[in-house]
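Subject: Structure handover

Dear colleague,

Here is the structure for your files.

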Amino acid sequence: MLGKLLKYEFKSYGFSMGIIFLASSLVALFMKILSMLPYKENVSDGIQMLMVVGFVMVMFVTSIAVTVMTIVRFYSTTVSDQGYLTWTLPAKTSTLLWSKLLGAILWKLICLCVIAVMCVIFFTGSYWLWHEEMSGAFFGGNGISLGMVLNEVFKDASDHITSEQITGFLVYYFSTFIWSISGILLIYMCIGVGQLFGKYRVVASIGCYFIIMIVVQIVSTIGVAIMSGISYSFNQSPDTFDLKYGLARGIGSVVLAVLSCTVLFLITNNLFKKHLNLD
């Protein structure tokens, strides 16, 4: 049943996500073309920097749009008029929530892949203002290609980066990914809390989200202060302390993120299973 629900959930986003990716790709390509046009030297540098800033903003807006689309989809199919159809399906509450969560995660991953491809397309080319500087830095001004630059960067990195640092890097990004899932579940939980307040469900959901985020920020600030105090007690700078115990902290962050996802999912499941109110 989960497979069928996930397949339907994935397809339901198809048209809207396609519009988002197509629009952002066309805007990015248009800015790339503007960057390639032959301007005067000073004008060219300014145009290219402006296009780079614009490209970053477009990618950021694309990511936000995908997130908003998944939230709107969840809200409309769980607590709005469509909710009656969703909750009458012959599936457990947890199965329905899993299908919506996995669908949102898949589209977020697709969004990251699309952004990565657009970054490669956008920044590839010898016309960029930093091309000559890179050429001089790596090859003394000789002609270079993207592959040569990447090869030199990876070669230089392999001489200075240890296996522990690579492991820490991977753990850090895995932790970030798990925390992003926790963020999605937090929004789902807030929507679940909001539907307990009847016609004020939207206001209640937003209020619940901001209250939780304020508490999280306070706890995070206290945590940073504690870690700084511990590093000071060991007569180490915070940067040195982070480098020495970075892997342990990364693993701890993963464990905490998994625990957060578990708790949020259980609360959300309980809210929709026992306290659903579509009136």
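Nine aromatic pairs are present in the structure; rings of Phe, Tyr and Trp (its six-membered ring) pair if their centres lie within 6.5 Å, with planes under 30 degrees apart counted as stacked, over 60 as edge-to-face and the rest as tilted. One of the pairs is Y13 with W107, which is tilted, at 6.3 Å centre to centre and 55° between the planes. Since Y13 sits in the loop between helix 1 (2–12) and helix 2 (14–36) and W107 in helix 5 (residues 93–123), the pair ties together parts that are 94 residues apart in sequence. Helices here are DSSP runs (H or I, at least four residues), numbered from the N terminus.

This is a predicted model: local features need pLDDT of at least 70 and side-chain atom pairs count only at pLDDT 80 or more, while totals for chains, interfaces and linings use all residues. Residues are numbered from 1 along each chain as its sequence is written, and side-chain values use heavy atoms, with hydrogens and water left out.

Y13 and W107 are both buried, meaning under 20% relative accessible area, where exposed is over 50% and partly exposed in between (1.4 Å probe, protein chains only). Ring pairs join Y13, W107 and F21 in a cluster.

F122 and F123 have ring centres 5.0 Å apart and planes at 85°, so this pair is edge-to-face. F122 is buried at 2% relative accessibility, whereas F123 is partly exposed at 31%.

In helix 3 (residues 41–78) lies T78, buried at 0% relative accessibility.

Regards

Conventions:
Helix = DSSP H or I, 4+ residues; strand = E, 2+ residues; numbered from the N terminus.
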